[in-house]
Amino acid sequence: MDNILFAGYFNIPSGFGNIANNCSRFVANYFTARRNKTHAWNVINKIKHYREDIDVGQQQFVNNRRHAHELDLWKYIKTVNYLNEKMEAGV
């Protein structure tokens with residue numbers, strides 16, 4: 001079962017609009033690529049095996065349970081944009 005989708009909340013100083021747009025594009029592209037089994041779907045499946053290598057700024061902040069999933073917003077947006085571009089090119 002796939003588990004790469006997000007859950008929870010975002011605490012961002014720049015407003016929720018950009019991140020909501022970014023994530024909703026990702027979800028739509030992800031399920032379209034999955035349903036159609038596009039070349040992009042194959043690329044995303046390969047990328048999932050290297051998720052530990054993807055730098056979204058995790059573990060750069062306070063090291064406690066409350067901040068366990070904190071990451072750098074701009075690195076996260078850059079990563080999701082990259083994935084969106086891969087999927088949109090193959091959809």
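Trainee: What covers the buried residues of helix 2?

Mentor: The cover includes helix 1 and helix 3 (73–90). Helices here are DSSP runs of H or I with at least four residues, and strands are runs of E with at least two, numbered from the N terminus. This is a predicted model, in which local features need pLDDT of at least 70 and side-chain atom pairs count only at pLDDT 80 or more, while totals for chains, interfaces and linings use all residues. Residues are numbered from 1 along each chain as its sequence is written, and side-chain values use heavy atoms, with hydrogens and water left out.

Trainee: Which residues in helix 2 are buried?

Mentor: Buried means under 20% relative accessible area, exposed over 50%, and partly exposed in between, with a 1.4 Å probe and protein chains only. By that rule A40, W41, I44, I47 and K48 of helix 2 are buried. They lie on the same side of helix 2, because they cover an arc of only 120° around the axis. The arc is that of the directions from the helix axis to the C-beta atoms. H39 and K46, on the other side of helix 2, are exposed. As for the general idea, an α-helix has 3.6 residues a turn, so residues three or four places apart point the same way.

Trainee: Where does K37 lie, and what is the phi of this residue?

Mentor: Most residues other than glycine have a negative phi. K37 has a positive value, near 50°, and is not a glycine. The residue lies in the loop between helix 1 (17–36) and helix 2 (39–48). K37 is exposed, with a relative accessible area of 63%.

Trainee: How many aromatic pairs does the count come to?

Mentor: A pair of aromatic rings is described by the distance of the centres and the angle of the planes. Rings of Phe, Tyr and Trp (its six-membered ring) pair if their centres lie within 6.5 Å; planes under 30 degrees apart count as stacked, over 60 as edge-to-face and the rest as tilted. The count comes to 3 aromatic pairs. In one of them, the rings of Y30 and F31 have centres 5.2 Å apart and planes at 80°, so this pair is edge-to-face. Y30 and W41 also form an edge-to-face pair, with centres 5.3 Å apart and planes at 65°. Y30 is in helix 1 and W41 in helix 2, so this pair ties together parts that are 11 residues apart in sequence. Y30 is buried at 1% relative accessibility, W41 is buried at 10%, and F31 is partly exposed at 37%. Ring pairs link F26, Y30, F31 and W41 into a cluster.

Trainee: Which residues is R25 in contact with, leaving aside its neighbours within four places in sequence?

Mentor: Contact means heavy atoms within 4.5 Å. R25, placed in helix 1, is in contact with N81, N84 and E88. R25 and N81 are 56 residues apart in sequence and 9.0 Å apart in space, C-alpha to C-alpha. The side chains of R25 and E88 make a polar contact (3.1 Å). A polar contact is a pair of N or O atoms within 3.5 Å; within protein, one must be able to donate a hydrogen and the other to accept it, and residues adjacent in sequence count only if both atoms are side-chain atoms. At 28% relative accessibility, R25 counts as partly exposed.
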